[in-house]
Amino acid sequence: MKSAIRPICFMVMPFGIKTVHPRPDSAPSTIDFDALWNKALAPLIEELGYDPVRADQDTGAAILQEMLERLFFSDLVIADMTIPNGNVYYEIGIRHACQKTGCLLISAN
């Protein structure tokens with residue numbers, strides 16, 4: 001019997017509640033990225049057939065090593081660029097240096 005190994009989708013995004021600055025007209029002043037992950041992004045990624053993973057789910061002592069491996073080996077990386085975030089930019093740069101394809105940038109306006 002074949003095992004059902006699902007491809008990995010690594011999500012690059014801020015964690016927790018972040019302030020939107022500068023705030024566009026009629027946009028919310030804060031975004032709860034954890035709620036966005038739990039209620040929208042992770043379920044959608046699963047629906048598309050991937051195993052959704054976010055960096056804060058890595059709890060081992062070598063969290064940086066785990067993040068680098070995920071950026072290199074994941075079948076797909078999705079990066080949320082809605083607000084300026086240095087960690088997100090850094091992780092996108094690593095992915096682009098490691099793999100020529102498989103990185104999707106998303107953003108809300």
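Modeller: What follows is a discussion of a predicted model.

Biologist: Understood. Which residues of the largest nonpolar core touch the most other members?

Modeller: That core has 13 residues, and Met11, Met13, Trp37, Ile45 and Ile78 touch the most other members.

Biologist: Let us turn to S5. How many of its residues are buried?

Modeller: In S5, 5 of its 5 residues are buried. Leu76, Ile78 and Asp80 are on one side, Val77 and Ala79 are on the other, and both faces are covered.

Biologist: Why two sets like that, in general terms?

Modeller: Because side chains in a regular strand alternate between the two faces of the sheet.

Biologist: Which strands pair with S5, and in what sense?

Modeller: S1 pairs with S5 in the parallel sense over 4 bridges. S5 also pairs with strand S6 (residues 103-106), again in the parallel sense and over 4 bridges.

Biologist: Where does valine 77 come into this?

Modeller: Valine 77 in S5 stands opposite phenylalanine 10. In S6, the bridge partner of valine 77 is cysteine 103.

Biologist: You listed an aspartate in S5. Which side chain of opposite charge is nearest to aspartate 80?

Modeller: Arginine 54 is the nearest, at 8.7 Å. Aspartate 80 is buried yet has no salt bridge.

Biologist: What polar contact does the side chain of aspartate 80 make, then?

Modeller: The side chains of aspartate 80 and threonine 82 are joined by a polar contact of 2.6 Å. Leaving aside neighbours within four places in sequence, aspartate 80 is also in contact with Met11, Val12, Met13, Pro14, Phe33, Leu36, Val88 and Ile106.

Biologist: Staying with charges, how many salt bridges does the structure hold?

Modeller: It holds 1 salt bridge. Arginine 54 forms a salt bridge with aspartate 34, and the closest N and O atoms are 2.7 Å apart.

Biologist: Where in the chain are those two residues?

Modeller: Arginine 54 is in strand S4 (residues 51-54) and aspartate 34 is in helix H1, 20 residues apart, and the pair links distant parts of the chain.

Biologist: Is arginine 54 buried or exposed?

Modeller: Arginine 54 has 3% relative accessibility, so it counts as buried. Aspartate 34 is partly exposed, with a relative accessible area of 27%.

Biologist: A change of topic: where is asparagine 85?

Modeller: Asparagine 85 is in the loop between S5 and H3. Its relative accessible area is 15%, so asparagine 85 is buried.

Biologist: Which backbone atom does its side chain reach?

Modeller: The side chain of asparagine 85 reaches the backbone nitrogen of valine 88 at 3.0 Å.

Biologist: And tyrosine 90, where does that lie?

Modeller: Tyrosine 90 lies in helix H3 (residues 86-98). It is partly exposed, with a relative accessible area of 49%. The C-alpha atoms of tyrosine 90 and valine 12 are 9.9 Å apart, although these residues are 78 apart in sequence.

Biologist: Now the surface. Is glutamate 47 buried or exposed?

Modeller: Glutamate 47, which lies in helix H1, is exposed, with a relative accessible area of 68%.

Biologist: Last one: where is histidine 21?

Modeller: Histidine 21 lies in the loop between strand S2 (17-19) and strand S3 (30-32). At 64% relative accessibility, histidine 21 counts as exposed. Between the C-alpha atoms of histidine 21 and glutamate 69, 48 residues apart along the chain, the separation is 32 Å.

Key
Residues numbered from 1 in each chain as written. Predicted model: local features only at pLDDT ≥ 70, side-chain atom pairs only at ≥ 80, totals over all residues. Heavy atoms only, no water. Core = buried A, V, L, I, M, F, W, Y, C linked by side-chain atoms within 4.5 Å. Buried < 20%, exposed > 50% of the residue type's maximum accessible area, 1.4 Å probe, protein only. Lys, Arg positive; Asp, Glu negative; His and termini not counted. Salt bridge = Lys/Arg side-chain N within 4 Å of Asp/Glu carboxyl O. Polar contact = N/O pair within 3.5 Å; in protein donor to acceptor, adjacent residues only side chain to side chain. Contact = heavy atoms within 4.5 Å. Pairing = 2+ DSSP bridges.
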